[in-house]
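Thanks for coming. Please have the model open.

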Amino acid sequence: MDISAEVERTVAAFVEPKGYRQPADAFNDGRQALVVLRGARGSGRRASALSLLARSGDGVTECSQDWITGPQVPLLPRAQDGRYLLDLTGEEDVPATFGSHLGSYSDVLAGRDARMVILVTPELWRSCERHCHTFTFDLETPEPEAVLVAHLGQSAEHLRWYQEEPALRALVGETSHVRAEELARIITGTAELNAAGASRVADAFNHWLGYLVEHLGPTVSESEVAQAAKMRERATLIAAAVLDGSPIGAVLAAADELLHELGEAPSYREILLGDGVTSRFEKLEIETSQGKVDLMGRHPGLDRALLAWLWTQRLPMRPRIQRWIERITVDSKIAAGQLARVADALVGLAIDQRSLEILGTVEAWVQSGAQHRRLAVSVLERLAVDPEIGSEVRRRLRNWAINKTTGPELLEAVTSVCGGLLGQMNTPAALARLKLLLGRPEAAVRRGASDALQSLADEPAMAKVVATTMSKWSEDAEDHAAHQAVLSLADPGEENRRARQIDALLRDPVRCATLQRSWSAQLTAGNSDAVDLLRRWLACVDAKVLDREVVIAALKPVAGSLRGEPFKDLFMTRRDLSAQEELFRELYAPRPQQVDN
């Protein structure tokens with residue numbers, strides 16, 4: 001997975017924790033090509049790992065393996081000069097055999113001047129520790145204020161403000177280094193560098209707890225009308241958090257829809273006796289401008305803080321909130337014009353709370369037309385490459401690809417994710433899921449997966465990974481889904497649009513051999529698609545878009561695998577192509593006998 005942007009940000013503001021020099025020296029003096037950083041989630045291991053790798057070479061890659069039976073050393077990368085990060089934090093278990101093989105794997109990395117850092121928790125590493133104690137390191141967490149200052153160092157005026165403003169310095173207190181990074185982001189995002197700005201920084205840093213308790217906390221006994229008014233206020237606030245930046249009418253309609261979902265729709269009596277729209281927004285301190293709601297103008301970050309508060313403090317509301325979001329985006333279409341904003345809210349909620357419950361809404365979007373489906377793909381893409389919950393989302397994508405009952409719309413979404421951002425940032429994971437889709441019985445699903453695979457292979461940045469993966473897959477004669485994947489890259493496409501790529505494939509001995517292995521395996525198995533592809537290649541020769549001599553030479557060992565009905569289909573039913581006739585003669589015409597003089 002490409003994490004170059006994250007590496008650049010991390011190195012620019014990195015603070016060395018105590019214990020960092022030990023793994024750094026082990027890398028630098030060549031004693032170790034692999035180190036394990038052990039610690040709790042959020043203890044700063046990842047930043048230290050990225051710094052270690054970036055300082056030892058260029059181009060850090062995050063490994064994202066699709067383990068079936070747990071982490072396995074043979075599946076780990078080992079390219080020349082590779083720099084790898086492997087985060088095992090999200091694994092359910094790391095077997096002792098994994099640790100026992102890491103020593104020999106480290107020797108392989110050293111021989112190729114490659115480096116790897118593995119991140120683990122103490123609980124996960126218990127069974128491996130005795131095998132890996134010489135290259136396992138525990139780091140202390142960095143000092144929060146040092147982290148804060150390092151991040152503020154890129155903005156001199158904000159750093160000066162922090163140093164001169166007691167209210168800001170008081171926020172550091174006993175906070176963690178992770179929260180110090182968050183505080184730095186809030187401070188640098190503030191334009192008003194005065195006491196009022198410092199107060200808003202404090203509110204945002206405390207996730208607007210005071211505001212949330214005031215407007216969503218317990219209430220004292222009130223009259224029925226007052227309670228109904230309070231319900232409308234709270235529904236409006238929740239709707240504004242999900243639809244911030246949307247037209248006022250859409251937010252109010254969404255708030256009414258939420259009340260209907262909760263069985264609390266107000267009566268006309270309550271509406272007439274309660275506050276008007278303007279008063280309601282004023283009480284909630286929500287600004288409006290040009291007919292749109294602006295919740296975060298005065299409360300940056302309140303949208304995510306509010307949804308997180310609901311998720312953790314009002315647990316029974318979770319399924320109701322989810323159904324409400326589905327209703328305003330799919331059923332009633334109240335928020336049809338604000339789908340991107342809703343998607344942002346769901347992504348933030350999923351990442352902040354490590355919650356995949358929102359995928360139910362995503363599935364509903366997939367079933368609801370092209371616009372919703374594109375949005376669902378966007379959400380899945382962003383979650384699938386997230387460092388925190390990406391592994392869980394990729395596992396869900398894999399399960400959807402395998403499950404026989406998965407509907408065509410959801411399979412199409414999985415295909416789009418694999419051919420899109422996931423394919424760009426984590427090509428091996430995308431390829432593995434596309435292979436599963438190519439093994440499904442639905443022709444439309446296979447066509448879509450084939451197109452996605454071709455788009456990845458045609459990208460220069462991913463071509464090498466695709467070619468290497470295909471070569472490895474082709475070695476298993478029984479893996480028909482893998483062979484189907486290889487053959488999909490040899491498809492000329494409509495109007496022979498991929499003839500140039502096929503010509504390049506034919507002139508690459510390794511890729512050509514890969515294709516021949518897979519093609520022969522599929523023909524031996526009697527695969528009709530493989531026979532049809534032969535005919536289309538020969539048609540390309542007749543159309544003069546592929547070189548006749550090169551194609552015939554490449555197809556001879558392939559067509560020699562034809563037997564029975566596939567043979568009859570290609571050569572006996574009709575031979576209407578000159579290249580077809582030529583291939584038949586090359587394979588079966590009797591050779592003139594050599595006469596000895």
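Is Phe14 buried or exposed? Phe14 is buried, at a relative accessible area of 15%; buried here means under 20% relative accessible area, exposed means over 50%, and partly exposed is in between, with a 1.4 Å probe and protein chains only.

Before going on, the ground rules. This is a predicted model, in which local features need pLDDT of at least 70 and side-chain atom pairs count only at pLDDT 80 or more, while totals for chains, interfaces and linings use all residues. Residues are numbered from 1 along each chain as its sequence is written, and side-chain values use heavy atoms, with hydrogens and water left out.

Aromatic pairs next. There are two of them in the structure. Rings of Phe, Tyr and Trp (for Trp, the six-membered ring) pair if their centres lie within 6.5 Å; planes under 30 degrees apart are stacked, over 60 edge-to-face, and the rest tilted. Phe14 pairs with Tyr20 in a tilted arrangement, with 5.2 Å centre to centre and 55 degrees between the planes. Tyr20 is buried too, with a relative accessible area of 1%.

The other pair, Trp519 with Trp537, is edge-to-face, at 5.0 Å between centres and 80 degrees between planes. This pair links distant parts of the chain: Trp519 belongs to helix H29 (residues 509-524) and Trp537 to helix H30 (residues 528-542), 18 residues apart. Helices are DSSP runs (H or I, at least four residues), numbered from the N terminus. Relative accessibility is 1% for Trp519, which counts as buried, and 0% for Trp537, also buried.

Stay in helix H29 for Ser520. At 17% relative accessibility, Ser520 counts as buried. Its side chain reaches the backbone oxygen of Gln516 at 2.9 Å. Setting aside neighbours within four places in sequence, Ser520 is in contact (heavy atoms within 4.5 Å) with Pro557, Val558 and Ser561.

Now charges. Side chains of opposite charge can pair when their charged atoms come close. How many salt bridges does the structure hold? It holds 31, a salt bridge being a side-chain nitrogen of Lys or Arg within 4 Å of a carboxyl oxygen of Asp or Glu.

One of them joins Arg536 and Asp491, at 2.5 Å, N to O. Arg536 lies in helix H30, and Asp491 is in the loop between helix H27 (480-488) and helix H28 (499-506), 45 residues apart. Arg536 is partly exposed at 30% relative accessibility, whereas Asp491 is buried at 18%.

Another is Asp344 with Arg382, whose closest N and O atoms are 2.9 Å apart. Asp344 is partly exposed at 36%, and Arg382 is partly exposed at 32%. Elsewhere, Glu6, Arg46, Glu62 and Asp87 are linked in a network of salt bridges.

Charges also sit over rings (NZ of Lys or CZ of Arg within 6 Å of the ring centre and within 35 degrees of the ring normal). The charged end of Lys435 sits over the ring of Trp473, 4.8 Å from its centre. For Arg179 over Phe205, the distance is 4.0 Å.

Last, helix H9 (residues 177-188). Its 12 residues reach 17 Å from first C-alpha to last, close to the 16 Å expected, the expected span being 1.5 Å times one less than the number of residues. Buried residues in H9 include Ala180, Leu183 and Ile187. The buried residues of H9 pack against helices H6 (144-152), H7 (156-164), H8 (166-172) and H10 (195-205).

Technical notes:
Helix = DSSP H or I, 4+ residues; strand = E, 2+ residues; numbered from the N terminus. Polar contact = N/O pair within 3.5 Å; in protein donor to acceptor, adjacent residues only side chain to side chain.
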